[in-house]
Amino acid sequence: MPLPKDRQLYVFDPVALHSILLKDQDLYEEPPELMSVKSLPFGTGILSTDRDEHACFARDGLIAPNLRTGPKAVDLFPVFGRLALELIGRTGIQPCASCCDPTMHELSLFMPFLPLIVKILFPSFRRFMINLVPLPPLRRLCNLVDTTHTETAQLVAERKAAIQSGELYVKEDAKDIMSLLISVKSNMSAGDAIHLADELVASTAMIIFAATDTTSGALSRIFHILALHPEVQDKILAAPEHLDHDALVALPYLDAFVREVLRLFPPVSPGVSRETSEDTVLPLSTSIVGVDGTPMSTITAERWMHGKAEAATTKTCGIYGNMMTFIGGGRSCIGVQFSQLEMKAVLCVFLHAFTFSAPESSIKWRMTGAIQGPNVDGQPRLPIRIERRKVE
Ligand code: HEM
């Protein structure tokens, strides 16, 4: 039986997490409030679908900075934001177009009411009502959503027209996700095609959202650490500036450095919510003592159910190792390889051109919404001293 909303289990035991995210993931659903938060701004896509629809998305594979010569303190935070957007734009959808996580966070007070609002109000009436509410964060979110939707819909339409007119021959010319999807599904019925267009717009907007602030937060942290540790810059510099995919992923020191920064400083809030859909037994790696003093080797949904959990076959619950930076299981991050590849490419190119040194101002790391970002005197900034590398 699901626990009442005011009674939640905070779980960090690796065997329990393995059960929740992988082994018994069908019993643990994302709470409806969270689904509504993800679907309302973008439409229905991979982030906001329930178990069955999510499996379809997974099966179908759905889906510069102004650095001058001479030492200079540059705020790298907006640079990495634009860079991450550009990179997902070029590879995910080609020419690109927002960031709404902090704004959504400001509206989190309304989260518990969202499933009901979604259930009882028709979308156009919902939007009519929302337009009447004079809350600045809500107005900002509506503008962000409208802009993202308009631009994404235009991109989908243009790409479709180019493919249909033969201007873009997908197999040879386009390697981005959007073009490939349009071409794979081009033989479908008119009804399905309309549904696909909506899905594509929603999924493209979601991928932009999921790929941008996460990667720019990770890049910001990486360059902050590099600025504090020049010896690491020198070690990475041993790799050539331009490498192909296989050579880039095979560099052991670069790989170890990126993974360790991601493990120590996860850019996304290291926590996910799940609700049990039926009674279950949660296995634990080590016994704990209950509030009544009873030792427990498992947690049962009902105290009087003395079920025995199956012995756990593995203790690994993340995408790799026990690192939860990209979560694990069916809803884990689809950009895990892509994001690490882009960060490695950025590192090689930037480190061959510049040296980065410790900032004068003290940089603090804060959560803005679900994402960690650098902050100086209450403002989102990453001032790092940058100098053009001397050519030997
Ligand atoms: C360092 C960079 C990144 C980090 C730390 C990260 C982290 C995460 C995390 C923790 C989740 C699970 C969220 C949850 O369940 O509440 C997630 C989901 C997701 N990520 Fe990433 N991500 C990164 C980059 C990317 C990139 C580059 C893309 C796109 C190419 C991407 C696409 C997605 C998508 C589509 C999901 C939803 C998957 C699903 O619900 O099935 N992410 N990411």
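Student: Before we get going, what makes a residue buried here?
Tutor: A residue is buried if 20 or more other C-beta atoms lie within 10 Å of its own. Keep in mind that this is a predicted model.

Student: Ok, so try Thr152. Buried or exposed?
Tutor: Thr152 has 26 other C-beta atoms within 10 Å, so it counts as buried.

Student: Which helix is Thr152 in?
Tutor: Thr152 sits in helix α8, which spans 136–164.

Student: Zooming out, how many helices and strands does the chain have?
Tutor: The chain has 15 helices and 9 strands. Of its 392 residues, 31% are buried.

Student: Let's talk cores. Which residues touch the most other members of the largest nonpolar core?
Tutor: Ala84, Ile222 and Phe223 do, in a core of 42 residues. Several elements supply at least two residues each, including α4 (76–93), α14 (252–264) and strand β9 (383–388).

Student: Where does the largest share come from?
Tutor: From α11, with 16 residues of this core.

Student: What is Phe223 in contact with, sequence neighbours within four places aside?
Tutor: Phe223 contacts Leu76, Phe356 and Ile384.

Student: Switching to packing: what's the angle between α12 and α15?
Tutor: About 105 degrees, with the axes 10 Å apart. Angles of 65 to 115 degrees count as roughly perpendicular, so α12 is roughly perpendicular to α15.

Student: Which residues make that contact?
Tutor: On the α12 side, Gln233, Ile236 and Leu237; on the α15 side, Leu347, Leu351 and His352. By class that's 4 nonpolar, 2 polar and no charged residues.

Student: Last topic. Which residue does UniProt list for "binding site"?
Tutor: UniProt lists Cys333, in an unreviewed entry. Cys333 lies in the loop between β5 (295–300) and α15 (336–353).

Student: Why is Cys333 called partly exposed?
Tutor: Cys333 has 17 other C-beta atoms within 10 Å. The cut-offs are 20 or more for buried and 12 or fewer for exposed, so a count in between is partly exposed.

Student: And what does Cys333 contact, leaving out neighbours within four places in sequence?
Tutor: Phe326 and Ile327.

Note on methods:
Residues are numbered from 1 along each chain as its sequence is written. This is a predicted model: local features need pLDDT of at least 70, side-chain atom pairs count only at pLDDT 80 or more; totals for chains, interfaces and linings use all residues. UniProt positions are given in the numbering used here, feature names are shortened, and annotations may be inferred rather than shown by experiment. Helices (H or I, at least four residues) and strands (E, at least two) are DSSP runs, numbered from the N terminus. Two residues are in contact if their C-beta atoms, placed from the backbone, lie within 7 Å. A nonpolar core is a set of buried Ala, Val, Leu, Ile, Met, Phe, Trp, Tyr and Cys residues joined through C-beta atoms within 7 Å. Axes are lines fitted to C-alpha atoms, for helices over the stretch in contact, and angles run from 0 to 180 degrees between N-to-C directions. Angles under 35 degrees count as roughly parallel, over 145 as roughly antiparallel, 65 to 115 as roughly perpendicular and the rest as oblique. Ala, Val, Leu, Ile, Met, Phe, Trp, Tyr, Cys and Pro count as nonpolar, Asp, Glu, Lys and Arg as charged, and the others, Gly among them, as polar.
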